[in-house]
Each structure stands twice: as C-alpha cells, then as structure tokens.
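Here is a friendly briefing to read with the model open beside you.

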Amino acid sequence: MGFRHKDIIALKDLTKEEIELLLDTADNLSEINQRDIKKVPTLRGKTVINLFYEASTRTRTSFEIAAKRLSADAVNITASTSSVVKGETLSDTAANILAMKPDIIVMRHSVSGAHEYLAKRVSCSVINAGDGAHEHPSQGLLDMLTMRQKFGKLAGLKVAIVGDITHSRVARSNIYGLTTMGAQVFLAGPPTMMPPGVERLGNVTVCKDMREAVDQADVVMMLRIQLERQGKTLLPSMREYSRYFGLNPAVLALAKKDAIVMHPGPINRGVELASSVADCDQSAILKQVENGVAVRMAMLYHVCGGEPVE
Amino acid sequence: MAENTVILDGTGVKRALTRIAHEVLEKNKGVEGLVLVGIRTGGVHLAQELGTRLSEIEGVEVPVGAVDITMYRDDIKGHHEHLPVGKTELPFSVEGKKVVLVDDVLFTGRTIRAAMDAIFDQGRPSCIQLAVLVDRGHRDLPIRADFVGRNVPTSRSENIMVAFDADNKPTEVILQK
C-alpha cells in the first residue's frame with residue numbers, strides 16, 4: 001500500500017490505511033532523531049518552502065528540522081516580512097514561489113481552504129501546517145502517534161477533547177483522524193464554543209460537562225483558549241472557564257489510571273491546564289513535540305512521490 | 001508463467017550458513033569485537049541465523065542488529081510512490097567494531113552501498129565485511145562479498161528469491177525464470 005497524494009491538506013481526505021502508513025513511517029523514522037548524526041540523504045536536492053502567514057514558532061521549526069533531517073533545503077518565508085504586507089495576493093505569491101522551483105510548500109494560513117486553493121494552482125506538493133479553523137493534519141497525526149505509542153493501538157480508545165471546539169483546527173483534525181482509526185471521541189466545552197451538529201462527524205459524543213468526557217478516558221486532550229482571538233467575546237471570564245473546563249488533578253483522577261494528558265501548545269498555565277497537571281508524569285506534552293518532527297518527516301517523505309487527486 | 005528452480009533446499013541453506021559461520025570465525029579469529037547487521041528484511045533473518053550458529057560454535061553471544069536502507073536509496077526519484085520505511089535497530093554502538101553486513105541476495109551492489117552509508121551515519125566501524133546467501137552477479141558498483149553461500153550466475157531478467165517460514169527461518173532459494 002502506497003501513499004498516492006501529492007498534497008496533505010486534511011486528515012478527512014485520508015483513508016485508515018494511509019493514516020496508518022504515515023504513523024508507521026513516523027514511528028520508524030523517530031530512530032533517526034535519537035542518533036548522534038540526525039540526518040539521512042533521502043530528500044537531498046529537494047527544496048521545501050515554509051510559507052507562514054500566521055505566527056508559529058513550534059510548527060515552523062518542527063517542519064524545518066524535519067526537512068533538514070531528510071537533507072532537503074528548507075527556506076522560511078513569513079508573511080510579515082514578505083510582499084504580502086505590500087498587498088500581493090496568495091495566487092501571485094504562489095506563482096512567484098513556484099518560479100523558484102520548490103518541491104514542497106508547507107503553508108500556514110488564517111483562511112480555511114487556502115491550501116486547497118493553492119494546491120490546485122501549483123505543481124509542487126502542498127502540506128497544510130494549519131488553515132484557519134479548518135484542519136491541522138500534522139498536529140492530528142503527531143497526537144495519534146503519541147497515543148498509539150502509549151497504548152499500542154487507536155481503535156477503542158476513549159479520547160476526551162476539551163475546550164474551544166468550534167475554532168480549533170487541532171480538534172477537527174483529531175476528530176477526523178481518530179474516528180477514522182476507530183477511537184471514540186468525547187467533546188466538552190462551553191456551549192458558545194461547541195459547533196452545532198458536530199456529532200455528525202462520526203463516533204463523536206458531545207458531553208454536558210467536562211467530567212463526563214474525562215470519566216474513564218484513556219486520553220485527555222486540552223485545547224488552548226485563543227486569548228488573542230475569540231476568547232474574550234465567548235467567555236464571561238478566564239476564571240470561570242478555568243473552573244468549569246480547566247484540567248486539575250481532581251478532574252484528571254476521573255480518567256483511567258494510565259491516562260495521558262495532551263495539549264497542542266502553547267499552554268495557558270492556570271487556564272486550561274493546572275501547572276501541576278502540565279508537569280505531571282501523565283503529561284505527554286513534550287512527547288507530542290518530539291513526535292512532531294518524526295511525523296513531519298513522514299509527511300515530507302510521502303508527498304514527494306504522490307500525484308494530484310482528481 | 002514463471003518457471004521456478006530450487007537452487008538451495010532447506011538442508012543446502014543450513015549447510016551454506018554453517019560454512020559462512022566458520023569462515024567468519026576463521027577470518028576474524030573468533031568473535032571478539034564482532035557484530036552482525038542484517039539488511040531488512042531477508043538479511044535480518046539470515047543475520048539472526050548466523051548469530052545463532054556463531055554462538056553455538058564459540059559459546060559467546062554475538063550482537064545482531066538490523067538496518068533499513070529505504071532512506072538511503074539512490075533511486076528514490078524513480079519510484080512513483082515511496083516505499084514503506086522500516087526501522088533501523090542497532091542495539092549496540094558500531095564504533096570500532098568489526099561489522100559483518102548480512103543480506104540474502106547480492107545483485108547490483110546498490111543496496112550494500114546504501115547499507116554502508118547507513119552504518120557510517122551511526123559511527124565508524126573498524127571494518128565492514130559482507131556475507132550473502134546468494135551472489136547472482138550483475139554488479140553496478142565495485143562491491144564484492146567476503147562470504148558467499150552460493151554463486152548463481154543469472155540473467156538480468158531472472159529473479160532470485162529466498163523463502164522464509166513463519167518463524168523467519170530460511171527454507172529455500174528459488175531461481176525464477
């Protein structure tokens with residue numbers, strides 16, 4: 001079974017076998033990240049452009065390290081320092097970047113669907129590093145890899161996702177990926193942050209309160225309250241949010257004994273996660289970051305042989 | 001319809017591996033500083049068999065590792081979709097060791113070159129020797145094996161297959177015409 005996609009835009013587009021192939025590849029590639037010489041010649045001569053229209057240190061650095069460990073040449077372009085501030089359209093930016101003959105464009109954009117638009121206009125591969133409130137496939141894959149490493153499987157796991165579901169691309173990618181792989185997803189969050197009809201996405205249960213979602217969960221995934229965006233208008237106060245939807249040791253005790261705590265980062269300590277929980281033995285947050293490099297190496301490797309999906 | 005000829009049967013494979021084990025010991029004057037590294041996937045099973053024989057003869061455990069060469073291939077552009085990646089597992093340092101690289105079939109030599117690159121990325125062995133069950137010729141690179149189970153002259157259109165049972169024990173070597 002091979003990976004036939006030119007682009008990776010959304011986990012919704014991938015089959016169970018394709019997700020499994022990406023996770024297996026990432027798992028096997030993670031060994032490279034433990035070596036003294038963390039480099040293989042696989043993508044030698046390939047050029048990867050990291051085109052970031054939104055600020056991101058962790059994802060951009062992770063993609064950059066992944067490209068470099070595969071011997072590709074990685075170039076970073078951030079919107080604030082590019083012609084975007086001079087009014088250039090995405091289409092014109094793409095045409096200009098394409099003229100420099102890259103092999104892969106890794107893009108983050110604040111508009112949902114921007115990647116699909118780009119992928120249809122360029123011959124090189126496009127990887128979505130987060131688009132608006134749509135999807136964040138590399139985050140979804142690294143989350144699933146972290147869970148699979150801990151539990152040996154994804155099918156049958158109970159995963160609680162807590163926070164701002166409506167605006168979270170991380171939640172959406174995890175919902176698509178996890179339900180495709182046979183896990184059960186339980187969602188909890190303030191009613192103002194729960195999209196109507198989310199149950200229709202698959203094996204997803206919306207819980208009335210956070211305790212119900214966390215009860216007997218294998219994984220508790222906390223989402224970041226995006227204080228810079230919608231947080232202020234959808235919540236009475238951070239204190240109230242933290243009281244009802246923050247993960248503290250008492251709520252975590254409801255989950256299974258060997259449950260893991262996940263968070264896509266950066267953490268608002270004391271808001272969605274108590275500091276003691278963020279740093280406890282059950283926290284898999286740094287493991288997620290570590291797995292991010294291996295997952296992105298797997299994505300870069302596999303898109304290089306793919307073809308456009310008609 | 002492909003025509004199959006058995007080149008080595010189960011007994012023949014066992015004899016070949018036993019002979020290779022003795023030759024390895026003779027060349028290296030024992031197992032001091034010796035490690036076996038099999039190339040995924042067939043080479044790993046053979047390295048394990050060879051390791052068992054060396055231990056039986058010398059009474060000392062010889063470390064066995066596995067190297068996956070997918071990320072070191074020189075024909076990555078030729079593949080429409082990329083090959084699945086296997087795991088490299090070297091539970092020992094290769095630094096200063098005598099590495100015996102093990103593969104099932106030696107053909108163009110490109111796999112061996114990739115495996116040597118992969119090993120050198122993990123450290124600097126004192127030497128690398130090559131053991132193969134079958135040498136079928138048609139080298140593209142100046143590489144030769146130190147230990148060969150059987151030389152089988154073939155045409156490029158023919159194929160050599162080493163079969164393994166459910167326990168990954170080699171059962172026979174087949175020439176497919």
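The buried residues of helix H1 of chain A are covered by elements that include helix H5 (137-151), H6 and helix H12 (285-303) of chain A. Here contact means heavy atoms within 4.5 Å, and buried means under 20% relative accessible area, with exposed over 50% and partly exposed in between (1.4 Å probe, protein chains only). Helices (H or I, at least four residues) and strands (E, at least two) are DSSP runs, numbered from the N terminus.

A word on conventions: this is a predicted model, in which local features need pLDDT of at least 70 and side-chain atom pairs count only at pLDDT 80 or more, while totals for chains, interfaces and linings use all residues. Residues are numbered from 1 along each chain as its sequence is written, chains are lettered from A and ligands numbered from 1 in the order in which they are written, and side-chain values use heavy atoms, with hydrogens and water left out.

**Helix H1 of chain A**

- H1(A) covers residues 16-29, and its end C-alpha atoms are 20 Å apart, in agreement with the 20 Å that 14 residues should span at 1.5 Å a residue (the expected span is 1.5 Å times one less than the number of residues).
- Among the buried residues of H1(A) are A:Ile19, A:Leu22, A:Ala26 and A:Leu29.

**Helix H6 of chain A**

- H6(A) runs over residues 169-180 and reaches 17 Å from its first C-alpha to its last, close to the 16 Å expected.
- Eleven of its twelve residues are buried, so H6(A) is largely enclosed by the rest of the structure; the buried ones include A:Arg169, A:Asn174 and A:Tyr176.
- At the start of H6(A), the backbone nitrogen of A:Val170 has a side-chain oxygen of A:Ser168 within 3.3 Å.
- After H6(A) comes A:Gly182, with a positive phi near 95°.

**Salt bridges**

- Counting a side-chain nitrogen of Lys or Arg within 4 Å of a carboxyl oxygen of Asp or Glu, there are 22 salt bridges over all chains.
- A:Asp24 and A:Arg148 pair at 2.9 Å, N to O, linking helix H1 of chain A to helix H5 of chain A across 124 residues.
- In that pair, A:Asp24 is partly exposed at 35% relative accessible area, whereas A:Arg148 is buried at 15%.
- A:Lys256 and A:Asp218 form a salt bridge at 3.1 Å, N to O; both lie in loops, so the pair ties together parts that are 38 residues apart in sequence.
- A:Lys256 is partly exposed at 31%, while A:Asp218 is buried at 6%.
- In chain B, the closest N and O atoms of B:Arg53 and B:Glu49 are 3.3 Å apart in a salt bridge, and the two residues sit about one helical turn from each other in helix H2 (residues 42-58).
- B:Arg53 is buried at 13% relative accessibility, and B:Glu49 is buried at 12%.
- Salt bridges with shared partners also join B:Asp74, B:Arg110, B:Asp140 and B:Arg156 into one network.

**Where chain B meets chain A**

- Contacts join 16 residues of chain B to 22 residues of chain A.
- The buried area (accessible area lost by the two parts on being put together, 1.4 Å probe, summed over both) is about 1,800 Å², with 52% from carbon and sulfur atoms.
- How many salt bridges lie between chain B and chain A? The count is zero.

Conventions
A polar contact is a pair of N or O atoms within 3.5 Å; within protein, one must be able to donate a hydrogen and the other to accept it, and residues adjacent in sequence count only if both atoms are side-chain atoms.
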